[in-house]
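Q: Please take me through this model one feature at a time, giving the general idea before the particular case.

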Amino acid sequence: MAQRHGLAARYPRDVSPLAGLREPSPQAFADLRTMVDVGEEVWLLTPNPLDLPPEWEVVRARYIDQMVYAGPRPAQPVAHAWPLLPLGADDVPDMIALAAETKPGPFVRKTITMGRYLGVRNAEGELAAMSGTRMALDEFTEISAVCTSPEARGAGHARALMLALMAQIEASGKTPFLHVKTENGAKQVYEKLGFAVRREICFSVIRRIA
């Protein structure tokens, strides 16, 4: 799925703004520049804040927590009052709308192709909650886009969706991980589910300006 050039890689624009560098060197940024248009933003996760070449500017940057599942194995899905529905291409407009309302992170037209997504629809058929898998590494798979509409909060949707995904990830032989802002109240939910902070990681949105 990745587009690669030299020391840099990125997802296609209609999948995700996430990009990666083998090392934060001038050559890596030059390689990334060949895949990014002037004025376009990409998102990076790095151990430390970035020292950017003059062709780039920081839009925003901060530390967030990277959490890894360290709870009982295997994770056990729970019975839920609402069906956990597989989400597909026909659900994308509703998924984009829910992500725009709740702001869990980037979600665009083909983000759904990064992994498996599950959702809950309310009695009116509206998408009330969703979660899915995003970055897939050799030993780990990321849970992302954990979001619930304000009207549906408190019903346990996020917990049920996450436990279902965690069980699927473990069944594939991998360990779930995720990223969360330190001050986000959802962090307490993740801790109750068995996630523990692995480390702080620097999240940066950068824009090519030349």
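**Reading the model**

Q: What volume does the largest cavity have?
A: The largest cavity has a volume of about 60 Å³, where a volume is the space filled by probe spheres set on grid points that are joined across faces, edges and corners. The general idea is that rolling a probe the size of a water molecule over the atoms shows where empty space is left; a cavity is a set of points, on a 1 Å grid over the protein atoms alone, where a 1.4 Å probe fits but cannot get out, and lining residues have an atom within 4 Å of a point. This is a predicted model, in which local features need pLDDT of at least 70 and side-chain atom pairs count only at pLDDT 80 or more, while totals for chains, interfaces and linings use all residues. Residues are numbered from 1 along each chain as its sequence is written, and side-chain values use heavy atoms, leaving out hydrogens and water.

Q: Which residues line the largest cavity, and which elements give two or more of them?
A: The lining consists of Ala99, Pro104, Gly105, Pro106, Phe107, Thr111, Tyr117, Met130, Arg134, Ser144 and Ala145. Strands E8 and E9 are the elements that give two or more residues to this lining; strands (E, at least two residues) and helices (H or I, at least four) are DSSP runs, numbered from the N terminus. By class, the lining divides into seven nonpolar, three polar and one charged residues, with Ala, Val, Leu, Ile, Met, Phe, Trp, Tyr, Cys and Pro counted as nonpolar, Asp, Glu, Lys and Arg as charged, and the others, Gly among them, as polar.

Q: How much space lies in the largest pocket, and which residues lie nearest its centre?
A: A pocket, unlike a cavity, is an open set, with protein on both sides within 12 Å along at least five of seven lines. The largest pocket holds about 1200 Å³ of space, and of its 36 lining residues Ala19, Gly20, Leu21, Met135 and Leu137 lie nearest the centre. Its lining has 23 nonpolar, six polar and seven charged residues. The second largest pocket has a volume of about 980 Å³; 37 residues line that second pocket, and Lys103, Pro104, Gly105, Val146 and Asn184 are the closest to its centre. Strand E9 (140-148) gives the largest share of that lining, seven residues.

Q: In what order do the strands of the open sheet lie?
A: Strands of a sheet pair through backbone hydrogen bonds, either parallel or antiparallel; here two strands pair if DSSP finds at least two bridges between them. Eight strands form an open sheet, with mixed pairing, in the order E4-E11-E5-E10-E9-E8-E7-E6, and the edge strands E4 and E6 each pair on one side only. Towards the E6 end, two bridges join E6 (residues 85-86) to E7 in antiparallel fashion, and Pro86 has Leu118 as its bridge partner in E7. Strand E7 is joined to E8 (residues 127-136) by five bridges, again antiparallel, with Ala129 as the partner of Val120. Between E7 and E8 the hairpin has five residues, and Gly125 takes a positive phi near 85°. Five bridges also join E8 to E9, which run antiparallel, and there Gly132 is partnered by Ser144.

Q: Why is strand E7 largely enclosed by the rest of the structure?
A: In a regular strand the side chains alternate between the two faces of the sheet. In E7, Tyr117, Gly119 and Arg121 point one way and Leu118 and Val120 the other, and all are buried, buried meaning under 20% relative accessible area, exposed over 50%, and partly exposed in between (1.4 Å probe, protein chains only). Five of the five residues of E7 (residues 117-121) are buried, so the strand is largely enclosed by the rest of the structure.

Q: How many aromatic pairs does the structure hold?
A: A pair of aromatic rings is described by the distance of the centres and the angle of the planes; rings of Phe, Tyr and Trp (its six-membered ring) pair if their centres lie within 6.5 Å, and planes under 30 degrees apart count as stacked, over 60 as edge-to-face and the rest as tilted. The structure holds six such pairs, among them Phe140 and Phe177, which are edge-to-face at 6.3 Å centre to centre and 85° between the planes. Because Phe140 lies in E9 and Phe177 in E10, the pair ties together parts that are 37 residues apart in sequence. Phe140 is partly exposed at 29% relative accessible area, whereas Phe177, at 5%, counts as buried.
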